[in-house]
Amino acid sequence: LEEYDFQNDKKNPDLPMELRPAAKLRSYQEKSLNKMFSNGRARSGVIVLPCGAGKSLTGVAAAARMKKSVLCLCLNSVSVDQWRHQFLMWSNLQEHQVSKFTAENKSMFSSESGVLITTYSMLTHEGRRSEAASRILADMQRREWGLMLLDEVHVVPAETFRKVIAIVKAHCKLGLTATLVREDNLIDHLNFLIGPKLYEANWLDLVNQGYLANVQCAEVWCPMTKEFFAEYLKKDNVRRKELLYVMNPIKFMTCQFLIEYHETQRRDKVIVFSDNIFALREYALKLRRPFIYGATAHNERTRILHHFKHSSSVNTIFISRVGDNSIDIPEANVIIQIASHAGARRQEAQRLGRILRPKQYSASAPGEYNAFFYSLVSKDTQEMYYSTKRQQFLIDQGYAFKVITNLLDSADMGRLAYSKKEDQIDLLAKILTAGEADQGDETLPTDREETIQTITGAVRRKVGSLSGLSGADGVTYMEYKTGQGSAAPKKPSSSKRDPHNRHFLFRFRKKFQK
C-alpha cells in the first residue's frame with residue numbers, strides 16, 4: 001500500500017497543531033490510529049466507529065499527528081460548523097487557521113498551512129460559481145494537502161461525489177463512517193477510491209465498556225383502521241400506499257402517546273424521523289412541534305437545534321432525512337421513526353446513532369436502558385417487510401428488536417388526536433386529494449446512486465418495438481433532394497443516350513454484350 005512519509009516531507013509546510021491536554025483518546029481510538037500510522041508514515045484507509053464513539057476526535061488526532069494542511073469534507077453546512085468546533089475545541093489551532101467553504105461562508109486561511117472544511121457538493125458543483133468560490137477552488141487545486149478527511153465516507157462511491165478524489169491532490173486520505181454499507185453494493189469501491197478498512201469497532205463492546213448508551217430497540221405494530229386499510233388495498237391507490245400507512249391514525253396516536261410519555265414521565269429529549277414530507281408537516285403541525293427538512297434555512301435549523309439542546313420548552317423535534325447524518329445532538333435519548341426510506345439498512349443504523357452518545361445520567365441499575373429507539377410500523381402492509389430488511393445491519397451488530405403489539409391498551413384514547421372517526425375520515429379525504437408531489441419521500445443527491453430492492457416491480461412488461469430496442473425509437477431517415485432546384489425546368493428525358501457522353505467504363509458495354 002502507498003504510504004505518506006510526512007515526517008520527511010520538506011516541500012509542504014508544517015502545520016503547528018497539537019492536541020489540548022483535555023483531549024484524552026480512548027483505547028479503541030488509539031488502536032485505530034496505530035493502524036493508520038507506523039514508522040513515521042501514514043497510510044490511507046477507512047476507520048469504522050459507531051455513531052457517538054468519537055469519530056471527530058479521531059480525525060482531529062490524525063491531523064495533529066501528521067501536522068500538515070487538512071481538507072475536511074462533510075455532507076452539509078451543519079456538519080461543517082460542527083467539525084470546525086471540534087478542531088477548535090480539541091486542538092490549539094486559532095480561528096483564523098480553520099476556514100469554512102460553504103454557500104454562506106467562503107473563506108480560506110491566509111497562512112501557508114491550515115484546515116479547510118467544506119462539503120462534497122461545493123467541490124462537485126458543475127454550475128456557475130461566484131468569483132470568490134472560483135478563486136478558493138483554484139487555490140484548493142493548486143495546493144498539496146497532507147490529509148484529506150472524508151466524513152460519512154460511505155457516500156463517496158456515489159457517482160456525484162466520487163469526483164472529489166480527482167479534483168484535489170492529497171497525500172493521505174482518511175475516511176470515517178459508522179455504517180460501511182450501501183444498498184447498491186458499491187461499498188467495495190472504497191478500496192481503490194480511499195483505501196482498505198483499517199479498523200472497525202463493535203457496537204455492543206463499546207456499550208458494555210460504558211462508551212455508548214444502552215439502547216432498547218422496539219418495533220411497534222400499529223393496526224390499520226378499517227377505512228384506511230380499504231383504501232390501501234385498492235389498485236387505484238398504488239401511488240398513495242406509502243402515504244396511507246404512514247398517516248395511519250393508529251400510528252399517529254401511538255406517536256403522540258410516546259412523545260407525551262417520554263416528555264412528562266421521563267423528561268427525555270425526543271427526535272421523530274419521517275422521510276415523507278407530507279407526514280412530517282402534518283404530524284408536527286398537529287402536535288405543535290418544530291420540524292426541519294431540506295427546505296429549512298440554515299439559520300432556522302441552527303436555531304431549532306439550539307433550543308432543543310439548551311431549552312426545556314422544546315423537548316421534541318421532527319426531522320426528515322437531512323438529520324440522518326452528521327447532526328450532533330448528544331442530549332437526545334429517544335428516537336421515534338414514523339416513515340423510512342424503504343429497506344435502507346444504513347439509514348436505520350444512522351438514526352439509532354443519534355442517541356448512542358453516552359448520557360450525562362446513568363441508569364439506576366446495571367444493564368438498564370437509558371435510550372429508546374421506536375420504529376412504528378403499520379400492520380399487514382408493505383412497511384413490515386421494509387422494517388425487517390432495515391434491521392439486518394443492527395441485528396448483525398448484536399442488537400435485538402422487541403415487538404410491541406398493544407401499546408395503546410392503557411392509553412386514554414379520548415385525549416389523542418384522530419381518535420374520533422370523523423377526524424379520521426377528514427384525514428383520509430385530505431390524503432386522497434393530495435398531489436403527487438406530496439405523496440413521495442424527500443429526495444437527496446445520493447438517491448439516484450442507490451438501488452433499493454423492493455418486493456414489487458422486479459420485472460416489468462411493456463409494449464415495445466425492435467426500433468426501440470436498437471435505440472432508434474421514433475427516429476427515421478429523412479430523404480433530401482439533391483441537384484437542381486424544383487424551380488428549374490426539367491429537361492425531357494430521352495430513351496436513347498449518346499454513347500460518347502457515357503463514362504468510358506460503360507461506353508462499349510453493349511458491344512461486348514453482343
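Arg321 counts as buried, at 7% relative accessibility. This is a predicted model. The side chain of Arg321 meets that of Asp275 in a salt bridge, at 3.6 Å from N to O. Asp275 is buried too, with a relative accessible area of 0%. Both values fall in the buried class because that class means under 20% relative accessible area.

The Asp275–Arg321 pair links distant parts of the chain, 46 residues apart. Asp275 lies in the loop between strand 12 and helix 12 (277-287). Arg321 lies in the loop between strand 14 (316-319) and strand 15.

**Strands around strand 15**

Strand 15 spans residues 334-339. Is this strand mostly covered or open? Mostly covered: six of its six residues are buried. Strand 15 pairs with strand 12 (residues 270-274), and the two run parallel, joined by five bridges. Within this pairing, Ser274 stands opposite Ala339 of strand 15. Strand 15 also pairs with strand 16 (residues 371-378). That pairing is parallel as well, with four bridges. Here Gln337 has Ser375 of strand 16 as its bridge partner.

**Salt bridges**

Side chains of opposite charge can pair when their charged atoms come close. How many salt bridges does the model hold? The count comes to 24.

| Pair | N to O distance |
|---|---|
| Glu30 – Arg65 | 3.9 Å |
| Lys421 – Glu227 | 3.7 Å |
| Asp275 – Arg321 | 3.6 Å |

Take Glu30 and Arg65, whose closest N and O atoms are 3.9 Å apart. The pair links distant parts of the chain, 35 residues apart. Glu30 sits in helix 1 (residues 27-36), Arg65 in helix 2 (residues 55-66). Glu30 counts as partly exposed at 29% relative accessibility. Arg65 is partly exposed, with a relative accessible area of 33%.

Lys421 and Glu227 form another salt bridge, with their closest N and O atoms 3.7 Å apart. These residues are 194 residues apart and link distant parts of the chain. Lys421 belongs to helix 17 (residues 421-432), Glu227 to helix 9 (residues 226-233). Is Lys421 buried or exposed? Lys421 is exposed, with a relative accessible area of 51%. The class follows because exposed means over 50%.

Methods: Residues numbered from 1 in each chain as written. Predicted model: local features only at pLDDT ≥ 70, side-chain atom pairs only at ≥ 80, totals over all residues. Heavy atoms only, no water. Buried < 20%, exposed > 50% of the residue type's maximum accessible area, 1.4 Å probe, protein only. Pairing = 2+ DSSP bridges. Salt bridge = Lys/Arg side-chain N within 4 Å of Asp/Glu carboxyl O.
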